[in-house]
Amino acid sequence: MNSVKIIEIKKSVFEDNNLDAEALRKELKLKGVFLLNLMSSPGSGKTTTLIQVINRIKDKIRVAVMEADIDSDVDAVKIKEATGIPSIQLHTGGMCHLDAEMTRQGLDNMPMEDVDLVILENVGNLVCPAEFDTGSSCNAMILSVPEGHDKPLKYPLMFSICDVVVVNKIDVLPYFDFDMEKCREYVRMRNPNTRVIPISAKTGEGVDEFASWLLEAVKNWKKH
Amino acid sequence: MHELGIVFYIIRDVKKAAQENGVERISAVVMNIGEVSTIVPEYIMDCWRWAADKEDLLRGAELKINTLPAVSYCENCGMEYETVRFGKTCPHCGCEKTYLLRGNEVEIKEIEVPNQ
Ligand SMILES: Nc1nc2c(ncn2[C@@H]2O[C@H](COP(=O)(O)OP(=O)(O)O)[C@@H](O)[C@H]2O)c(=O)[nH]1
Ligand SMILES: [Mg+2]
Ligand SMILES: [Zn+2]
Ligand SMILES: [Zn+2]
């Protein structure tokens with residue numbers, strides 16, 4: 001029988017990424033650039049919401065977008081056309097999440113001296129983007145009404161890391177048995193500090209509140 | 001697929017450890033994986049075989065998985081319980097103010113190196 005030597009490692013697979021992310025966050029803070037990591041399931045309305053929000057804030061701060069959700073430039077082009085702000089496409093090669101290193105590579109292709117806010121549209125997935133810190137200043141996710149109010153119970157980690165949960169597509173509330181109060185309660189269970197903002201990216205209802213939250217967050221980030 | 005991405009992280013960490021320890025061949029990598037981590041053991045095994053065999057260091061190396069139990073804590077009564085069996089409701093007091101203590105680990109425990 002062949003004997004083996006055992007070398008103990010005892011290291012989390014996420015450790016290196018967590019360190020990379022922390023370093024990136026510090027660097028962005030020094031540069032005065034706020035990075036918003038926007039996550040959701042596919043089709044919850046990330047791109048539509050971004051267009052609405054950006055058109056409300058682009059005269060006040062300088063915004064740019066990095067698209068990682070899908071492996072074509074459809075969303076990046078849509079955002080550029082609808083808002084006129086710079087928007088680039090990251091090629092994730094079908095990966096299910098972005099890590100800090102990929103985020104940094106994306107930022108290297110952005111005019112960092114000329115922006116206050118970079119929004120990352122992350123890969124549409126509620127599982128692993130929650131485990132991989134991108135180095136973002138804040139995490140936001142979009143939960144759309146058709147997905148149901150019990151999503152925070154099904155994806156606890158995702159909800160626990162988010163500073164804001166945007167509940168989108170409230171224009172279709174009459175057709176679904178989505179309970180907003182229950183939703184707020186479940187989100188609170190995962191993270192008592194998370195803000196819940198109901199919106200309709202279609203009608204524009206509630207988008208002002210999300211836009212003000214974002215402007216305030218960017219302002220605080222740029223202080224000292 | 002998620003597991004393939006994770007396998008690439010494992011390979012990167014293992015290569016680094018091998019270099020630090022002057023190891024040229026690895027016969028097995030032992031992982032600690034929590035019951036409620038996002039890893040599906042069957043998927044990660046398939047991804048491992050495919051990716052590991054592309055590396056000289058890891059050709060033929062086995063991936064061994066230790067499953068760690070998930071444990072939740074109840075803020076209301078202060079007791080711990082098995083997460084997978086009872087979910088988010090504390091079996092001691094029925095309260096839902098509970099959170100996961102452990103069970104989402106994805107950790108490289110050790111590597112096994114053949115003795116010459
Ligand atoms: N009814 C309704 N549909 C919406 C709303 N927001 C987005 N959608 C639709 O949902 C689909 C997916 O939106 P999109 O922004 O591409 O989602 P993404 O994949 O998360 O970027 C599109 O058909 C949108 O028109 C909304 O507030 N109400
Ligand atoms: Mg999109
Ligand atoms: Zn992933
Ligand atoms: Zn209890």
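Hi everyone, thanks for coming. Before we start, please keep in mind that this is a predicted model.

Let's begin with the metal. Which residues hold the zinc ion (ligand 4)? Four cysteines of chain B do, each through its SG atom: Cys74(B), Cys77(B), Cys90(B) and Cys93(B). The distances run from 2.3 to 2.4 Å. As for geometry, the angles among the four donor atoms are 106 to 116°, and the site is tetrahedral. For those of you who think in reference values, ideal angles for four tetrahedral donors are 109.5 degrees. Along the chain, the donors of this zinc ion follow the spacing C-x2-C-x12-C-x2-C.

What does the pair Cys74(B) and Cys93(B) tie together? Cys74(B) sits in strand S3 of chain B, residues 71–74, while Cys93(B) is in the loop between helix H3 (83–86) and strand S5 (98–102), so the pair links parts that are 19 residues apart in sequence. Buried or exposed, then, for Cys74(B)? Cys74(B) is buried, with a relative accessible area of 0%. Cys93(B), on the other hand, counts as partly exposed, at 35% relative accessibility.

Now on to the interface between chain A and chain B. The contact involves 25 residues of chain A and 29 residues of chain B. Together the two chains bury about 2,500 Å², and carbon and sulfur atoms account for 57% of that. On the side of chain A, Ile7(A), Ile9(A) and Val13(A) stand out: these three supply 26% of the area that chain A buries against chain B, more than any other three residues.

Between the chains we count four salt bridges, and 13 residue pairs are in polar contact, both residues being at pLDDT 80 or more. Lys11(A) and Asp13(B) meet through their side chains in a salt bridge, 3.3 Å from N to O. And where does chain A's side come from? Strand S1 (4–12) and helix H7 (180–190) are the elements of chain A that give two or more residues to it. S1(A) provides the largest share, nine residues.

Lys10(A), which lies in strand S1 of chain A, has a positive phi of about 50° although it is not a glycine. Lys169(A) also has a positive phi, near 70°. Lys169(A) lies in the loop between strand S7 (164–168) and H7 of chain A, and it counts as partly exposed at 27% relative accessibility.

That's my tour, thank you!

Technical notes
Residues numbered from 1 in each chain as written. Chains lettered and ligands numbered in written order. Heavy atoms only, no water. Donors = N, O, S within 2.8 Å, 3.2 Å for Na, K, Ca; no water. Tetrahedral: all angles 85-135°; square planar, octahedral: opposite > 155°, others 65-115°. Helix = DSSP H or I, 4+ residues; strand = E, 2+ residues; numbered from the N terminus. Buried < 20%, exposed > 50% of the residue type's maximum accessible area, 1.4 Å probe, protein only. Contact = heavy atoms within 4.5 Å. Buried area = accessible area lost by both parts, 1.4 Å probe. Polar contact = N/O pair within 3.5 Å; in protein donor to acceptor, adjacent residues only side chain to side chain.
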